[in-house]
Amino acid sequence: MERFRADGHLTDEALAALARDGDLDELGRLEIAEHLSFCDSCLQRYTDLLAGTELLAPERSCQKALWARVRTRTLRLVTSRYATAAAAVALALTVLWGGQEIRFSRPAPPEARPRLAERLQGWPERWNDALSETLSGVTDFFDGLRPGNNAQGGVHS
């Protein structure tokens, strides 16, 4: 089988053999592939030849699996965003109703500061009191939003 015409382009017979996986040896396939890599005219003829053949269909569709992955990923993104927003709101409410002032003042000199043992004395009770005060403030806030509670002067129907 003649692969190339006198003008240097591939013959129709060589293109047809390549398209149908015909009687071409490895060296012949390599020569044709190399020629198609730089000759637009022969590549167009080969593409036109392939356009008439039936394309391969996959054994099974991957559409359901892909949509399931897309839904799962979307759910994770939305959930993580809401979780981040909820954590930010909780932190803001804790700071707002924390019961302690935030002071920006110049620190005391080291000799005027209390020792670590003195500062840690009674810390669990102070921390529990501040936490209880914060949580009761949050509870009071949400109790005020409950329908039927007219503490804020609103009328609920």
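Start with helices H1 and H3, which cross in a right-handed way. You are looking at a predicted model, so treat every value here as computed from that prediction. Keep H1 and H3 on screen for a moment, and then step back to see the rest.

**Stop 1: the whole chain**

How many helices and strands does the protein chain have? There are six helices and zero strands.

The protein chain exposes about 13,700 Å², and 58% of that comes from carbon and sulfur atoms. The chain has 157 residues, of which 13% count as buried. Among contacts with a separation of 6 or more, 46% join residues 24 or more positions apart.

**Stop 2: H1 against H3**

Return to the opening pair. Select residues 12–19 for H1 and residues 40–51 for H3. The axes of these two helices come within 10 Å and cross at roughly 50°. That angle is why H1 is described as oblique to H3.

On the H1 side, pick Asp 12, Leu 15, Ala 16, Leu 18 and Ala 19; their partners in H3 are Cys 42, Arg 45, Tyr 46, Leu 49 and Leu 50.

**Stop 3: H2 joins in**

What is the hand of the crossing where H2 passes H3? It is left-handed.

To see where H2 and H3 touch, select His 35, Leu 36 and Phe 38 in H2, together with Asp 40, Cys 42, Leu 43 and Tyr 46 in H3.

From H1, the residues Ala 14, Leu 15 and Leu 18 meet Arg 29, Ile 32 and Leu 36 from H2.

**Stop 4: Tyr 46**

Bring H3 back and centre the view on Tyr 46, which sits in this helix. Is Tyr 46 buried or exposed? Its relative accessibility is 16%, so Tyr 46 counts as buried; the cut-off for buried is under 20%.

What is around Tyr 46? Leaving aside neighbours within four places in sequence, Tyr 46 is in contact with Leu 15, Leu 18, Ala 19 and Leu 36. You have already picked some of these: Leu 15, Leu 18 and Ala 19 are in H1, while Leu 36 is in H2.

Tyr 46 and Asp 12 are 34 residues apart in sequence, yet their C-alpha atoms are 8.7 Å apart in space.

**Stop 5: His 35**

Slide over to His 35 in helix H2. With a relative accessibility of 6%, His 35 counts as buried because it falls below the cut-off. Beyond its neighbours within four places in sequence, the contacts of His 35 are Phe 4, Gly 8, His 9, Leu 10 and Cys 42.

**Stop 6: Thr 11**

Go to Thr 11, in the segment before helix H1. At 12% relative accessibility, Thr 11 counts as buried. Zoom in on its side chain: a polar atom there lies 2.9 Å from the backbone oxygen of Glu 2.

Which residues touch Thr 11, leaving aside those within four places in sequence? Select Glu 2, Arg 3, Phe 4, Arg 5 and Arg 45 to see them. Phe 4 is also in contact with His 35, from the previous stop.

**Stop 7: Thr 94 in H4**

For the last stop, move along to helix H4, residues 63–96, and select Thr 94. Its relative accessibility is 42%, so Thr 94 counts as partly exposed. Finish by drawing a line from the C-alpha of Thr 94 to that of Leu 135: the two residues are 41 apart in sequence and 8.3 Å apart in space.

Definitions and conventions. Residues numbered from 1 in each chain as written. Predicted model: local features only at pLDDT ≥ 70, side-chain atom pairs only at ≥ 80, totals over all residues. Heavy atoms only, no water. Helix = DSSP H or I, 4+ residues; strand = E, 2+ residues; numbered from the N terminus. Buried < 20%, exposed > 50% of the residue type's maximum accessible area, 1.4 Å probe, protein only. Contact = heavy atoms within 4.5 Å. Areas by Shrake-Rupley, 256 points an atom, 1.4 Å probe, with all protein chains shown as cover. Polar contact = N/O pair within 3.5 Å; in protein donor to acceptor, adjacent residues only side chain to side chain. Left-handed = near helix turned anticlockwise from the far one by under 90°. Axes fitted to C-alpha atoms, helices over the stretch in contact; angles between N-to-C directions. Parallel < 35°, antiparallel > 145°, perpendicular 65-115°, else oblique.
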